[in-house]
Structure formats: C-alpha cells, structure tokens
Amino acid sequence: MDFKTQVAGSAGLAGVAADALLVLVGGQAVHEDLEAPLADVLGAATKDGDFAFKAGHTLYAHRVAGVKAARVVFAATGDGSVKHLRKAVLAALAPLRSGGTKALAVALSGGHAWTAAMAEALVGAVAEATYLYRETKPSATPASKLATVSLVCAKGDVAVLSGGLRRGEAIADGTTLARECANRPGNHCTPSFLAEQARKIAKEHGLKVEVLDRKDCEKLGMGSFLAVAQGSDEPLKFIVARWNGGAKADAPVVLVGKGITFDTGGISIKPASEMDEMKFDMGGAASVLGTLKAVASLKAKVNLIGIIPACENMPSGRAIKPGDVVKSLSGQTIEILNTDAEGRLILCDALTYAERFKPAVVVDIATLTGACVIALGHHRSGLFSADDALAHELLAAGEQALDPAWRMPLDEEYDEALKTHYADMANVGPRAGGSITAAKFLQRFTAKLRWAHLDIAGTAWKSGHAKGATGRPVPLLTHFVLARAS
Ligand code: BES
Ligand code: MN
Ligand code: ZN
C-alpha cells in the first residue's frame with residue numbers, strides 16, 4: 001500500500017482524480033467548503049434521514065454528476081477527535097474494501113484541517129481494515145484492490161502530513177508483523193520462528209541479535225524460565241535484539257515480551273474449549289518485534305533493546321509439577337503451585353537479565369492473566385507501575401496512539417498473597433485480584449529497575465467471529481519509545 005499527499009486543484013474535491021473519494025465531514029451540517037455536486041448529495045441525504053453528523057455514519061454515492069471520482073463516500077467525524085476520525089475511516093472502508101477501488105483519495109470537509117496525528121491514524125485504519133491472514137490459508141483471496149491512498153491537503157501542509165503518514169506506515173508495518181506472528185498456529189510460530197523473525201528484522205533494519213539456547217540459560221542460572229520450557233520438546237530461545245539509534249552513552253529502553261508460543265497450562269492443564277487461543281500467548285513477544293521494526297525503520301535516535309524469553313508450556317513426563325520449587329536467575333526461590341501461571345516464571349528471569357543493560361526503563365508486555373480480561377475487557381490494556389512518571393508516559397502514549405491502557409494498583413497489601421512456607425514466594429495467589437498478584441510477583445524482580453508492566457490478555461487478540469491478533473500494543477509502545485528519542 002502506498003500512502004501519499006495530494007494537493008487539490010482549482011476544481012476542488014469534485015475534480016480530484018481517484019477511483020474513490022472519501023470525504024470526512026466534521027461539524028453538524030453541510031459546510032460551505034464543499035463544492036455544489038457533493039454538497040447537494042450530502043444535503044439531500046441528510047434531509048431524507050439517510051445521513052447523520054455522528055461519528056461513524058456513512059453515505060455511499062456512485063457516479064455523482066460533476067464529480068470526477070466514480071465513488072464517493074461521506075463519513076462523519078463526530079467531535080473531530082483523532083479517535084472519531086479513525087472510526088469514520090474504518091466505517092467508510094466497509095463499502096470500498098470489497099469493490100473496484102484501487103486509488104482512494106481522502107479529504108476533509110467541515111472547516112477542520114489535517115494534522116500529523118490524523119494522517120497517522122488514517123494509515124493505521126486503512127492497514128487494519130485491509131489486513132488479511134493467508135499464511136496457512138493461501139486460498140483466502142484479498143477482497144481489497146486498494147493500492148494507493150492519498151491524503152488531499154493544502155500545499156503548505158504537505159511536509160508535516162507526509163511525516164504523519166511515514167510514522168503511520170512504520171507503526172502499521174510493525175503492527176502487521178505482530179499480527180502475522182501471533183496469528184500463526186503453535187506448530188508454525190515456535191520459539192525458533194520468533195528467533196528467525198528477530199534475525200530477519202535485524203538484517204532489514206540494522207539491529208544486533210543474540211539468541212541464547214538452553215545450555216546458555218543453564219549456565220546463567222535461569223532456573224525459572226528453564227522450568228517452564230522443560231516440559232516441551234520444542235527448543236527454547238532467549239532472544240535479545242538491539243537497535244542502537246542513540247548515542248553510545250544513552251541508557252537503553254528495554255522491552256521484555258512474553259513469548260509462550262503455546263500455553264496448554266502444563267500439568268495444571270487448561271480446559272479444551274478455546275485452548276486454541278493460547279497460540280496467541282506470544283502476543284507480548286510479537287509486540288516487541290513489531291515495535292523494534294517500527295522504531296528501527298524510522299531510524300529513531302534512541303537505544304532500544306527487546307528481550308524475548310520464548311518456549312512452550314506443555315504437560316509431559318519431564319514437565320514441572322505443582323509444588324516444585326525452582327531457583328530464579330535473581331537467586332530467589334519460587335514454589336510453582338500452578339503450572340499455568342507460567343508467564344511470570346519466564347518473565348522474572350528476563351527482567352533480571354535486563355539489569356545488565358543498565359536500562360533507563362524496562363517495560364514488560366504479556367498476555368499474563370485471564371483476570372485482567374475480567375477487569376478491563378478488550379478495550380484497554382492493564383498498566384502496572386510504582387513509578388508515576390513512567391506510568392504517565394505510557395498512559396499518554398496509549399492515548400496518542402489510540403491504543404489505550406488503564407492503570408491498576410500495586411499496593412503492598414496484595415503481596416501477602418504470594419507468601420509460602422516452601423520458597424521465597426509462590427507463583428500464584430487466590431483468584432481474587434489475579435492480575436494484580438501477577439504484577440506483584442514480577443515486581444519482586446525489579447528492585448534495581450524503573451519498571452512497568454502491561455497486561456495485554458484482553459487486547460492482544462479478538463475471539464469469536466472476528467478471531468485474530470490485533471497487533472496491540474505496538475502503537476502504544478512505538479509512541480512511548482519515539483517520545484524518548486532525542
Ligand atoms: N496465558 C494465560 C493468561 C490468559 C488466559 C490470557 C486467558 C488470555 C485469556 C496465563 O498463562 C494463565 O494461564 N494465567 C492464569 C493464571 C492463574 C493460574 C493464576 C489465568 O489467568 O487463569
Ligand atoms: Mn498459563
Ligand atoms: Zn500463558
């Protein structure tokens with residue numbers, strides 16, 4: 001897909017050359033900035049009750065006399081926010097996605113002007129609506145012929161809006177990579193596959209990658225990560241990818257992604273229904289890869305390190321058992337009361353490993369708890385951090401990127417739940433507050449770090465009819481990292 005800017009000629013929007021013209025209309029009535037043939041159609045439809053100036057309402061018109069583009073779609077942008085613009089574009093693409101449109105021009109009417117954030121959101125919405133998973137179903141044919149999208153704007157705005165489009169493309173490409181990895185089934189997307197993906201991004205964008213295997217992890221003493229991996233015949237990978245875009249002395253941002261390529265629950269096995277969705281349990285890892293790609297492709301002046309502990313969680317004759325005690329890389333011992341609470345067991349060693357990079361900040365991203373889905377549903381990711389400034393940076397990045405998070409508590413009282421007679425901590429507490437005790441567990445490994453945790457169990461994929469990976473939170477993370485670049 002090609003995204004560009006286009007300056008309207010003297011004939012205005014009616015004269016724009018494209019297969020389809022999308023007019024994003026703001027305000028509460030037809031605005032005087034719209035040329036007669038377009039204004040007439042929109043005015044008549046509004047009067048007839050077929051169009052309303054509410055976010056997401058659309059009107060399709062074919063071969064309007066006096067308009068050069070064969071197809072015209074009007075879409076209302078509601079309150080004029082970037083969020084509503086995104087909603088309008090997604091709604092407008094429904095009739096265009098499956099038709100004959102190859103070249104789409106997108107314009108504004110209603111007195112509001114494009115901003116770089118709007119240009120970025122336009123790209124994100126188009127990429128989201130036209131994504132099609134084909135890896136294991138090559139017979140799936142793309143409904144969309146869309147090849148170019150041009151943003152119609154004033155000449156003086158071209159430079160700044162082109163910047164918005166480029167940023168949007170980088171984020172969209174990173175998000176698509178994350179979706180593509182996470183959508184692949186467990187027999188395709190293995191720890192080795194994730195390592196290959198990291199190497200591929202490294203080759204394309206100039207990153208440095210190191211992949212540790214089981215022996216390396218044994219030498220280091222990653223007893224907790226190794227314990228989860230030991231039940232599987234699939235070799236574990238501990239992936240470290242580095243983008244050195246900043247000055248040598250700049251402390252890096254470290255992202256740690258949960259890379260469970262399939263979570264059966266282990267001996268504490270999960271029920272059969274919907275277990276297939278546990279192929280998405282590497283969504284955190286996928287978002288780290290997508291963010292590395294986005295940040296590197298923009299050549300951001302920042303040092304960014306992605307750490308991905310990757311393995312399967314399987315029941316077998318070699319698997320960990322409830323009650324087993326293991327020693328983590330930090331030296332702290334853990335009683336594994338539930339083998340299905342495996343995410344925290346692989347992340348804790350990765351967090352300790354992150355210390356060696358003397359990071360500015362560390363953010364881990366994980367499909368960690370079903371409890372987080374109960375708490376926040378599928379709209380906002382759960383954010384945990386004792387560091388107010390870091391929490392606010394991440395929340396702000398989420399709002400800007402239209403990939404929102406919500407802060408959850410970390411009071412010391414929740415830590416009681418992890419006490420046990422047999423080790424420094426248990427890996428689970430009671431059911432109540434499950435996403436918080438999971439975060440409290442991780443926090444025990446972050447004494448030397450500025451740390452935040454994103455629980456993306458509710459946002460990394462969609463279930464049911466629209467089942468599929470979302471690529472979240474690549475937009476949030478990319479905004480966060482870019483805001484830290486010099
Ligand atoms: N990967 C799951 C979390 C999950 C479950 C995400 C369902 C999305 C949907 C994680 O490894 C897990 O199994 N967590 C357990 C923890 C429990 C045993 C304390 C859970 O949430 O049930
Ligand atoms: Mn689990
Ligand atoms: Zn899991």
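Q: How far apart are the zinc ion (ligand 3) and the manganese ion (ligand 2), and which residue coordinates both?
A: The two ions lie 3.2 Å apart, and Asp263 coordinates both of them. This is a predicted model, in which local features need pLDDT of at least 70 and side-chain atom pairs pLDDT 80 or more, while totals for chains, interfaces and linings use all residues. Residues are numbered from 1 along each chain as its sequence is written, chains are lettered from A and ligands numbered from 1 in the order in which they are written, and side-chain values use heavy atoms, leaving out hydrogens and water.

Q: And which protein donors does the zinc ion (ligand 3) have?
A: Lys258 (NZ), Asp263 (OD), Asp281 (OD) and Glu342 (OE) are its protein donors, at 2.0 to 2.4 Å; a donor is an N, O or S atom within 2.8 Å of the metal (3.2 Å for Na, K and Ca), and water is not among the atoms, so sites may look incomplete.

Q: Are Lys258 and Glu342 buried or exposed?
A: Both are buried, where buried is under 20% relative accessible area, exposed over 50% and partly exposed in between, with a 1.4 Å probe and protein chains only.

Q: Switching to the backbone, which peptide bond is cis at Pro473?
A: The bond from Arg472 to Pro473 is cis, with omega near 0°, and Pro473 belongs to the loop between strand 20 (468–469) and helix 13 (474–483).

Q: What about phi at Lys358?
A: Lys358 is not a glycine, yet its phi is positive, at about 45°. This residue is in the loop between helix 9 and strand 14 (361–366), and Lys358 is exposed, with a relative accessible area of 66%.

Q: And where does Leu402 lie, and what is its phi?
A: Leu402 is in the loop between helix 11 (388–400) and strand 16 (405–407). Its phi is also positive, near 60°, but Leu402 is partly exposed, with a relative accessible area of 26%. As background, most residues other than glycine have a negative phi, and most peptide bonds are trans.

Q: One last topic: how much space lies in the second largest pocket, and which residues lie nearest its centre?
A: The second largest pocket holds about 1,000 Å³, and of its 35 lining residues, Lys270, Asp340, Thr369, Gly370 and Ala371 lie nearest the centre. A pocket is an open set of points on a 1 Å grid over the protein atoms alone, with protein on both sides within 12 Å along at least five of seven lines, and lining residues have an atom within 4 Å of a point; the volume is the space filled by probe spheres set on the points, which are joined across faces, edges and corners.

Q: Which helix gives the most to that second largest pocket's lining?
A: Helix 10 does, with four residues.

Definitions and conventions
Helices (H or I, at least four residues) and strands (E, at least two) are DSSP runs, numbered from the N terminus. On a 1 Å grid over the protein atoms alone, a cavity is a set of points where a 1.4 Å probe fits but cannot get out, and a pocket is an open set with protein on both sides within 12 Å along at least five of seven lines; lining residues have an atom within 4 Å of a point.
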